[in-house]
Structure formats: C-alpha cells, structure tokens
Amino acid sequence: MNTQNTYMNDSTLPWYDDRVKTVSDGTYNNAKRIYCVGFDTPKKLFGYLGSKVWKQDAAKRAAAIITYNSLFRGVRENAMFIGPTGCGKTHIWRCLKELFPDRIEIVDGSNITSEGWSGDKKWNSLLQSPVFCSGERAILVIDEADKMLAPKYSSNAENVSQRIASEGLKLMEGTVADIKSGSVSYKVDTSKISFVLCGAYSNKAEEIARNSNNGSSIGFGAVPGAAKAYDRPLTQQDLIEYGVMPEFMGRIQQIVNLQPMTLDDYYKIACSKCGPVRHVQEQYKVKIRMTKNRRRELAENAFKTGLGIRGMENRIRQLVDDALFDNCNRRYLEI
C-alpha cells in the first residue's frame with residue numbers, strides 16, 4: 001500500500017504580508033489539498049494503527065473515527081483519552097500525525113498558565129502552529145492534560161486550574177481567536193479544530209480502586225484479585241469529582257479509556273512489529289537480536305517502574321550505543 005503523503009504544490013498556499021496574515025477559509029482556488037493516499041476511511045486508519053500500536057483496539061477505533069470525521073467530513077468532536085503512563089494514548093496520535101503532519105498537532109498541556117500569570121504557554125499560544133494557519137480542518141492533541149486540569153490553588157486560595165479551564169471553554173466550543181506570533185497576527189476559527197485531551201488521572205483511578213476494595217487490598221489483609229487502578233473506566237462524573245469543571249466536561253463529546261499494559265504485554269511487545277526494538281532498528285539502521293533474558297529483564301523493569309514502553313526503548317538505545325561504541329559500522333547486534 002502506498003503510504004506516501006501527496007500534497008498540493010506550496011505555490012497554491014496563500015501568501016502573507018510580513019505583518020499580518022490573512023487566513024483563508026480552507027478552500028483554495030481550483031483545488032483542494034489531498035490527504036494521505038490509501039488512508040481515507042475509518043477502517044483503513046484503524047488498520048494502519050493496528051500495525052503501529054499494541055492492543056487498545058477500542059481507542060484505535062475511536063481515534064480513527066475522530067480523525068476521519070474531523071479531516072474528511074468536517075465533523076468536529078472533542079474527546080478525552082484516559083489511561084496510565086505507557087499504555088499508548090499519545091502514541092496513537094503520534095502515529096496519526098505521521099499520516100497527517102499538517103493537520104494534527106500534539107502539544108504538552110502540563111505547563112499551560114492562565115492569562116496574567118507568568119509563563120509563555122497560554123491557550124491561544126497552542127494555536128500558533130502552522131497547522132492552524134491554513135484555515136483547514138485540524139486536530140489539536142493536548143498531552144498531559146490531567147496536570148493542566150488538576151486542582152491547584154494560589155496563595156489567596158483561588159483554584160488556578162479552573163481559571164485555566166475557563167479560558168479554554170470558548171476555544172473548545174468554537175470561536176474566532178486572535179493569535180499573535182512575534183510581529184505576525186492572524187485569526188483562527190476553532191470551530192474547525194477537534195480537541196483531544198490525553199491524561200492519566202492516576203490519582204482518581206487509584207482512589208476508585210481503593211474505594212472498591214474498602215481497604216482490603218492493602219497490607220496483610222490484601223485480597224487476591226482485588227480491584228486495581230483503571231479496572232473500571234473513568235466516567236464524566238469521576239472527572240468532575242477529580243476537579244474538572246462541569247462546563248469544561250460539557251465540551252467533551254467522548255471519553256476513551258485505555259487499558260493498562262500487563263507484564264505479558266511488555267514481554268510480547270518488545271520484539272513485535274510495533275515494539276521498541278523495531279523502532280530503534282529503523283532509527284539506527286541496524287538489525288537487533290534480543291535474548292530472552294534481556295527481553296524478560298526489560299519487560300519486568302517496564303512493568304514494575306511504570307516507565308512503560310518509553311523506558312524499554314531508552315534502555316535498548318543505551319545497549320545499542322554501548323555495542324556500537326567499539327565498532328560503529330556494525331549492522332547486526334545482539335543485546
């Protein structure tokens with residue numbers, strides 16, 4: 001299947017004054033931008049994610065539908081993707097961004113600050129990317145959104161996170177935002193943008209597990225098979241109890257819960273076609289053979305520490321770097 005992106009020539013894009021950008025309405029003269037060839041239905045997008053992301057079929061299906069509706073049908077949908085660190089919630093969107101680099105933007109939401117507070121990252125600054133300048137349909141993925149929405153109090157007892165959330169309401173509802181980047185000003189119609197917020201909400205997931213167990217899963221009284229964090233999907237009410245404003249949750253059309261990775265998952269994914277070994281091989285242009293003992297070691301570390309696949313990949317990189325130190329021309333490695 002041809003996965004190469006086919007785009008219009010850059011000469012068809014609007015030209016801008018040095019001081020003020022005039023953003024088009026998304027329809028260019030005589031032609032429209034062609035999206036990634038071969039991935040123009042939800043099923044095809046889902047199939048693509050299947051080759052890139054381990055398990056999480058429900059989340060991959062939801063992401064495929066959101067992407068198709070947003071970019072091909074013009075149907076706007078805001079969603080939350082919730083799950084523990086390393087489960088693949090952000091990785092799903094990174095894979096889709098590979099297909100649509102000029103339609104999907106991923107940003108870190110952990111350090112967003114309120115207007116009037118110190119810090120360069122505000123809600124409007126998230127729209128400074130060229131992805132949103134064309135006026136075409138787009139998707140903004142906000143990673144670590146739970147840190148942005150978690151209750152935080154100032155010295156005068158003001159809940160700063162609610163203030164931050166309030167400033168995002170109009171953007172998520174759909175408005176024309178005035179954006180300034182350096183000396184350049186332009187407008188962005190956020191009604192053409194789908195907002196996807198990814199977060200762990202681990203404190204709430206653990207609280208739900210504790211309440212389900214009534215304390216029986218702790219210490220010598222632990223009960224085998226007791227509820228664990230994320231066993232039950234987080235609901236809209238859970239997130240409101242966590243501290244998210246009801247008005248903010250009212251802008252979210254869908255909550256997508258992802259499952260935690262098991263020790264067996266980490267062992268199997270290590271050398272799978274969508275695993276970290278494959279990724280490092282592609283980057284280093286080497287063939288890597290991993291021993292069973294090493295594979296087990298990496299899986300156990302990823303599971304116990306909570307570092308997940310990122311931790312596995314970082315460790316594999318270290319091992320490859322060590323192996324290449326003595327002979328950087330090697331094309332086959334055993335680790």
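This is a predicted model: local features need pLDDT of at least 70, side-chain atom pairs count only at pLDDT 80 or more; totals for chains, interfaces and linings use all residues.
Local features are given where pLDDT is at least 70 and side-chain atom pairs count only at pLDDT 80 or more, while totals for chains, interfaces and linings use all residues. Residues are numbered from 1 along each chain as its sequence is written, and side-chain values use heavy atoms, with hydrogens and water left out.

**Helix contact**

- The axes of helix α1 (residues 42-50) and helix α3 (residues 89-99) come within 10 Å and cross at roughly 120°, where an axis is a line fitted to C-alpha atoms over the stretch in contact and angles run from 0 to 180 degrees between N-to-C directions.
- Helices (H or I, at least four residues) and strands (E, at least two) are DSSP runs, numbered from the N terminus.
- On the α1 side L45, Y48 and L49 make the contact, and on the α3 side I92, C95, L96, E98 and L99 do, contact meaning heavy atoms within 4.5 Å.
- These contact residues divide into seven nonpolar, no polar and one charged, with Ala, Val, Leu, Ile, Met, Phe, Trp, Tyr, Cys and Pro counted as nonpolar, Asp, Glu, Lys and Arg as charged, and the others, Gly among them, as polar.

**Pockets**

- On a 1 Å grid over the protein atoms alone, a pocket is an open set of points with protein on both sides within 12 Å along at least five of seven lines, a cavity is a set where a 1.4 Å probe fits but cannot get out, and lining residues have an atom within 4 Å of a point.
- The largest pocket holds about 750 Å³ of space, a volume being the space filled by probe spheres set on the points, which are joined across faces, edges and corners.
- Of the 33 residues that line the largest pocket, K52, H91, R94, I309 and E313 lie nearest its centre, and α3 gives the largest share of the lining, six residues.
- The lining of the largest pocket divides into 11 nonpolar, nine polar and 13 charged residues.
- The second largest pocket has a volume of about 550 Å³, and among its 19 lining residues P84, A229, Y230, P260 and M261 are the closest to its centre.

**Cavities**

- Residues including S70, R137 and K192 line the largest cavity.

**A loop residue**

- P130 is found in the loop between β2 (104-108) and β3 (138-143), and P130 counts as exposed because its relative accessibility is 68%, where exposed means over 50% relative accessible area, buried under 20% and partly exposed in between (1.4 Å probe, protein chains only).
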